[in-house]
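The notes follow in the order in which I checked them.

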Amino acid sequence: MSKRETILDVENLRVYFHTKKGDSKAVDGNHFRMYEKETLAIVGESGCGKSVTAMSILGLVSEPGEIMPGSKILYTGNDYNLDLATASIDDKRKVRGNEISMIFQEPMTALNPVFTVGDQIEENIRIHEDVSSEECRKRAIELLGKVGISRPEQVIDNYPFQLSGGMCQRVMIAMALSCNPKLLIADEPTTALDVTIQAQILKLMNELKDETGTSIMLITHDLGVVAQVADWVNVMYAGKVVESADVRELFTNPKHPYTLGLMASMPSLAQNGARLNVIEGTVPNPVYLPEGCYFADRCTKCQARCLKGQPPVIEMPNGHTVSCFLYDGNENEELDEADRRTVAEVLAMLNKDSADEAFDDEKTVIIDIDKDQTDGSGGDR
Ligand SMILES: Nc1ncnc2c1ncn2[C@@H]1O[C@H](COP(=O)(O)OP(=O)(O)OP(=O)(O)O)[C@@H](O)[C@H]1O
Ligand code: SF4
Ligand SMILES: [Mg+2]
């Protein structure tokens, strides 16, 4: 295996929102790395700090939020090596939308309503490249076609309000791809799209990685999407990464009770007639975090020591890490029967007999028909 070149090294990232009730610890001691030409998926429940982590990388955390002292976001780019946690606004602007671009979770709020989509994509190209207006328009039309918009030569002159949510999302994706970024952060990029367009977008992201070497940070709730496009996965809970592993390793050998719970609650399992598991309870309020493990009140394997302090990060073979007392010392927890079934079910959901087959090098985009039927939010109307 060739040496993995680090592109992003996040160390002890803490992002607090200073509220009247106290500090809301949206991200609280996050550590992770990203490598060139790899897709890192970040998964976790709503409110666990996925978007705030992404916003910190882009330098878009604003008051009452603050990237706390001691946080590090070391970016190794083409032309810039920066600590994005402390870089000047000018330096952040230079990399944003150029070397690092983002597909936002809410396309309608990210697009400017008073400019056509063509104006917005073309401006993005022109800021970073010296190209003629004709060339710019041609490239914008090509990009719109690439993200699956039919009649791109007409849509280019539309305003965002004339397009559906799904189309706006694809315009956002076209904008993000327009400068061939070194790092693309995609925050729930396919949630609003129907399953055919979702498959196209995921394929496009895989192609981008292969053709231009772009590293992708993919934020998603959908473990099916993770299995299809990720190389590596970080599972986040209450502002921290609690488990991190190669995608194949994570699906076949999950360790953290929260990861196991997430896998058991995959909606696609319902098609087998199985009752969906629910992780009882909710993510703790980031203003009132407990002294012990943040997952303790929902964890079926909680022990007395879990309530007294933060679990250590345990390093396992092949870079797999887990933050849980169960794996502290020699008492490595074996998956019990229920957990094993969960892994088998995950493979069944992927229509694969073995993990090797499910996570081969040529990742294919698997369309989850069951999800399409239940997700009526759809793409173009
Ligand atoms: N401007 C803000 N002021 C106060 N708290 C905030 C602000 N923005 C985010 N937070 C808090 O930070 C925490 C993490 O939010 P974040 O948006 O990163 O969650 P997420 O994991 O992206 O969730 P989702 O899956 O719903 O998008 C949440 O508790 C949220 O309430
Ligand atoms: S540290 Fe304890 S409470 Fe936390 S996930 Fe592990 S077993 Fe559960
Ligand atoms: Mg979010």
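I count a residue as near a ligand if its C-beta atom, placed from the backbone, lies within 6 Å of it. The model I am reading is predicted.

Ligand 2. I looked up the shell and found 13 residues around ligand 2. Cys293, Cys299, Cys306, Pro311 and Cys324 come nearest. I then sorted the shell of ligand 2 by residue type and got 11 nonpolar, 1 polar and 1 charged. Cys is counted as nonpolar in this sorting.

Ligand 1. I found 16 residues around ligand 1, with Phe17, Ala26, Ser46, Ser51 and Val52 as the closest. Strand S1 (6-19), strand S2 (22-35) and helix H1 (50-58) each give two or more residues to this shell. Helix H1 gives the most, with 3 residues. By type, the shell around ligand 1 divides into 9 polar, 6 nonpolar and 1 charged.

Strand S9. Is strand S9 (residues 215-220) buried or exposed? I found 6 of its 6 residues buried, so S9 is largely enclosed by the rest of the structure. In a regular strand, side chains alternate between the two faces of the sheet. I therefore checked each face of S9 by the cut-off of 20 or more other C-beta atoms within 10 Å. Ser215, Met217 and Ile219 are buried on one side, and Ile216, Leu218 and Thr220 are buried on the other.

Partners of S9. Which strands pair with S9? Strand S3 (residues 39-43) runs parallel to S9 over 5 bridges, and Ile42 has Ile219 as its bridge partner. Strand S8 (residues 183-187) is also parallel to S9 and joined to it by 5 bridges; there Ala186 stands opposite Leu218.

Technical notes: Residues are numbered from 1 along each chain as its sequence is written. Chains are lettered from A and ligands numbered from 1 in the order in which they are written. This is a predicted model: local features need pLDDT of at least 70, side-chain atom pairs count only at pLDDT 80 or more; totals for chains, interfaces and linings use all residues. A residue is buried if 20 or more other C-beta atoms lie within 10 Å of its own, exposed if 12 or fewer, and partly exposed in between; C-beta atoms are placed from the backbone. Helices (H or I, at least four residues) and strands (E, at least two) are DSSP runs, numbered from the N terminus. Two strands pair if DSSP finds at least two bridges between them.
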